[in-house]
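I opened the notebook to look up two things.

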Amino acid sequence: MPELPEVEVVRRGLAAHVVGRRISAATLTGARVARRHDAGPFDLADRLVDGQVLAADRRGKYLWLVVQTPAEDPQALVIHLGMSGQLLVEAADAPREKHLHATVDFADDGPQLRFVDQRTFGGLALTELIPDPYAEGHHSHGSHHSHGVPVPVRHIAPDPLEPAYDQPALVRLLKGRHTAIKRALLDQGKVSGVGNIYADEALWRARVHPLRETSALTKPALGRVLDHAAEVMREALGQGGTSFDSLYVNVNGASGYFDRSLHAYGREGEPCDRCGTPIRREAFMNRSSHYCPRCQPRPRGPRAR
DNA sequence: CGTTCCTCCTGCTAGC
DNA sequence: TGCTAGCAGGAGGAAC
């Protein structure tokens, strides 16, 4: 369940069902699930044993458990869901899912944590925690990642729902770049958490075409796009996230229902909720953009594609 | 250096 | 009915 609201729903599930428990065993099936863990799947599983889960944390679409292992400083079990990853809290004797790649058992004999991933773009890694490079900004309230951030999250920018997010600085950055606004929204090193659904929804709400150049938008217009991105993700979180099918579920297997509130994404050919013009879908960055051709006029000039 | 493109997977669906 | 092309919520790393 891949964008910020869906990942946050999962994080909350982990906070409720996994934090505070002691790991008794972990099993990783196949090498691919741990391909980002340099020392391999057996090392990862071994080092989790007897670890105490201190926290469930998130930045953008990256999720991690802070684990106090016996022999080391706290480590981060980094979990990225990719396109189709799920974390499920289930009884150990529940039927095994077809694409089950990892299980974590706990010393209390309560339910186990499972990582299920159809397309295997997601995965697990156990890494060091480092100080948050975005903490202690000149006027921010600092990081709410009190344990720091995992090494693989070093290059990920703060997301719009965390205190370290600095929108004025981001607006200045975008104003100086020659790139399409949608490409910038999807760049997790600039602002994290936004994926294809919420990028299209934010641009529809802001009435900005996905191909508009960031440098050609005014600073207030850039601010509006970012405000809408934050707002639409906040609203989606309030609805439990967006799910069109059972692939995108919380740790209890339940779907969110923000799909009912979408105005652009997945609505090709349907009338725009503002003006009635059919929503258009076109290829962009090996995926799709959905927009209203009337409310979100295509940029003109040499850079328009 | 910043920016753009390709690729890693499985499964479902629309269209022939 | 059966086949297959196309598409799906992501992102690292190569290539320019």
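I took the pocket lining by class to begin with. In this predicted model, the lining of the largest pocket divides into 18 nonpolar, ten polar and eight charged residues.

I then looked up the pocket itself. The volume of the largest pocket is about 940 Å³. I found 36 residues lining the largest pocket, with Pro2, Lys61, His80, Gly82 and Met83 nearest its centre. I noted which elements give two or more residues to this lining: β4 (75-80), β8 (123-130), α5 and β11. Of these, β8 provides the largest share, four residues.

Next I turned to DNA strand C. Of the atoms of DNA strand C within 4 Å of the protein, 57% belong to sugar and phosphate.

I sorted the surface near DNA strand C by class too. I got eight nonpolar, nine polar and six charged residues.

- His80 puts a polar side-chain atom 2.7 Å from a phosphate oxygen of DNA strand C.
- Glu3 has a side-chain N or O atom 3.4 Å from a sugar or linking oxygen of DNA strand C.
- Tyr248 has a side-chain N or O atom 3.1 Å from a base nitrogen of DNA strand C.

Notes: Residues numbered from 1 in each chain as written. Chains lettered and ligands numbered in written order. Predicted model: local features only at pLDDT ≥ 70, side-chain atom pairs only at ≥ 80, totals over all residues. Heavy atoms only, no water. Near = heavy atom within 4 Å. Polar contact = N/O pair within 3.5 Å; in protein donor to acceptor, adjacent residues only side chain to side chain. Nonpolar A, V, L, I, M, F, W, Y, C, P; charged D, E, K, R; others polar. 1 Å grid on protein atoms, 1.4 Å probe; cavity = no way out; pocket = protein on both sides within 12 Å on 5 of 7 lines; lining within 4 Å. Points joined across faces, edges and corners; volume = space filled by probe spheres on them.
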